[in-house]
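This report covers a complex of two chains. It takes confidence, then the interface, then a sheet and a helix pair.

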Amino acid sequence: MRVALIGPPNCGKSTLFNQVAGYKAETGNFHGTTVTFTESRVRVAGEIIELVDLPGTYTLEGGSPAEEEAARYLASHDVDVIISVVDATHLAAGLELTLELLPLKKPLLLALNMMDEAVYAGLRIDGQGLSQRLGIPVLPVVASKGRGVKRLFLKCLELGRNGQVEGERYAGEIQEMAVRHAFARELVQIHVKQGERRYTWRDRLDDVLLHPIWGYVVLSVVLFLFFQMVYGIGKLIEPPLLALFELLMPVVVVLFSEGTILSEVVLGGIQGIAAGAAIVLPYLFPFLFGLGFLEDIGYLPRIAFLMDALMHRIGLHGKAIVPFILGYGCNVPAVMSTRTLEEPRDRYLAAMLATLVPCAARLVVVFGLVAFYLGPFAALGLYLFNMLVIAVTGRTLSNMMPEDTPGFIMEVPPYRMPTWRNMLSKSWFRMREFIVEAWPLLIVGSMILAVLDYFNLTFLLNSMLRPITWIMGLPAETGVALIFGIFRKELSLVMLGQALGTMNFDAVLTSTQMLVYATFVMFYMPCLATLAVLKRELGMKAMLVIAGLTVIIALTSSLLMGGIAAIL
Amino acid sequence: MFILSFSSEFTIFIFDQNDVRHLVVCDLRVIKQNMMNLMDVPVGQSARLTSVAALLQVKLRKHGLHVGDRVRVLRQAPLGGPLLVEANGREVALGRGVAKKIFVEVECASH
């Protein structure tokens, strides 16, 4: 028996699915986290049900990919029972879709999800009346707590066994969207008694979190704690992890004769694996987990609301704040997250700007060079300078790409208690993308580096980059470190030490040179993994344009930084 | 047709139709009042959506906002930020550019 779950975005479909099927669907308190459908086999009362989670949709006739997907699926596959999931607190929207499903003549169930929230909101829903009017069973559930889920699926099994549409279905005129909308509203008026719409705790919380002043104070504190948490956990896990690889390397090298190209390549590969492990496990996972928490609790849309005005100045809107926050961790998930933006222009611009955000690896360079030798305030200044450059770039680019979009429209959902299950499965989903897309490139890149190193091609690289390093007033030896930085950003510090022959940088570089070098590293060329993701998300041409632009921006801003440093 | 504009508040249209000369005096203040957009609605007030450009209508419908619906302006973000409105039990943030394109009529003042 095949059962399909359908409902508007954010109605708790995926939560219901996960409750029954385990950890498979990605859920979130944000729009459209399920882009393709997930299928799972479940055993209910001795019978096997194939449960399908369709992408969230308000209608089957809209033009978006998610809607087309859902409509195609219901039309093409042999679906035995359809469960229409609605958020009881937003009944009208869900009912519209339910009305659209009536003419399909398939066994249909209406699941009123989030009944607990409806009760809190003072809504009294007459399920029986609704059921009689529509001619389909109506069942209350609280998917997040598993309440009513069993009853729902037993009923579902019963309907599926009969295979027939039981009772008299509502047969009024419901072809037109506008008619359905009006009818759904009428149904809500009749069957839902609105107790006092009280000033709820949600309003009280929003009064603070969306406040013109306190909202931003809280936002700063939340983001500060967020990054503290990520780097705190990262610092705890990274050293022992790297130590483990240090132990491993000599063991592996012994297997090959030392000093040959083969052993160098193998070593390079292990270094790539180690670098990936040192980024993925300690930093990326807490980062994605924390973001998942902010998303599920409902804070992310509120950040978007608060930041919309600022983002407008750089030609984007509030939703595009997510790639920027992510960018400080790693540019790869940042570029991936631009998928949530609807307009191609916004995706392009946000991806471009997100690659300018200094990720954790570039933080290593800024801290190791600027903060260590010139003090924390110089590093802070560099970060502020980075934001300024991003703002100017965004402004300039958005003027070149005029906005023809209707602008910012975003649902602000109620606050919800996140579940461990959802947050873990979502973090895993996103991390898997990094592991599959970026990690292999890190490993291959490290191997190529080993070959370059083995054949001593550094001289060639240095002279190739001499025009750039000369303009910036940097020693020629920095060229090779910059090339290596394209493979992995933190290498632009590690290799700098190797190229200059000392890790004691203030002996070989002036403070201006350090600032100029750090500035250039902050902006130039996304790393190999980010380039790969840019190509996949936006195409080859966009990737090349973005890469070229970052070099221009890097040159201009580091020359500017050199000027500023000379004046100070 | 002649259009005589005396001030920002009054305009006079003169036109011939069926050999009859018509003279129409328009009080622009009345027209403007009827053509309020969502940005003009004070926080806490309700209004009814009257007209929206077709392309935008499709986008709004996805968030449960239809022409004829009653919306309440809940908040306004500072510094040119978006509006937060409530309609049909859902809360939606609308950028100012969007809000300006949504025309509304304000309901009885008691709301």
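Two residues are in contact if their C-beta atoms, placed from the backbone, lie within 7 Å. Contacts between residues below are to be read that way.

## Confidence

The model is predicted. Chain B has an average pLDDT of 77. Of its residues, 78% score at least 70. For the complex, the predictor reports an ipTM of 0.71. The pTM is 0.68.

## Interface

The interface brings 23 residues of chain A into contact with 26 residues of chain B. Which of them gives the most? α11(A) does, with 5 residues.

By class, the chain A side that touches chain B has 13 nonpolar residues, 8 polar ones and 2 charged ones.

## A sheet across both chains

β9(A) also pairs with a strand of chain B. The partner is β8(B), residues 90-94. Their pairing is antiparallel, over 3 bridges. Within it, A:Ile409 has B:Leu94 as its bridge partner.

## A helix pair in chain A

Chain A also holds a helix pair, α18 (residues 439-454) and α24 (residues 528-538). Their axes come within 8 Å and cross at roughly 135°. How are the two helices oriented to each other? An angle over 145 degrees would count as roughly antiparallel. α18(A) and α24(A) are therefore oblique to each other. Their crossing is right-handed.

Which residues meet there? From α18(A) come A:Leu441, A:Leu442 and A:Gly445. From α24(A) come A:Leu528, A:Ala529 and A:Ala532. The contact has 5 nonpolar residues, 1 polar residue and no charged ones.

Definitions and conventions. Residues are numbered from 1 along each chain as its sequence is written. Chains are lettered from A and ligands numbered from 1 in the order in which they are written. This is a predicted model: local features need pLDDT of at least 70, side-chain atom pairs count only at pLDDT 80 or more; totals for chains, interfaces and linings use all residues. pLDDT is the predictor's confidence in each residue, from 0 to 100. Helices (H or I, at least four residues) and strands (E, at least two) are DSSP runs, numbered from the N terminus. Ala, Val, Leu, Ile, Met, Phe, Trp, Tyr, Cys and Pro count as nonpolar, Asp, Glu, Lys and Arg as charged, and the others, Gly among them, as polar. Two strands pair if DSSP finds at least two bridges between them. Axes are lines fitted to C-alpha atoms, for helices over the stretch in contact, and angles run from 0 to 180 degrees between N-to-C directions. Angles under 35 degrees count as roughly parallel, over 145 as roughly antiparallel, 65 to 115 as roughly perpendicular and the rest as oblique. A crossing is left-handed if the near helix is turned anticlockwise from the far one by less than a right angle, and right-handed if clockwise.
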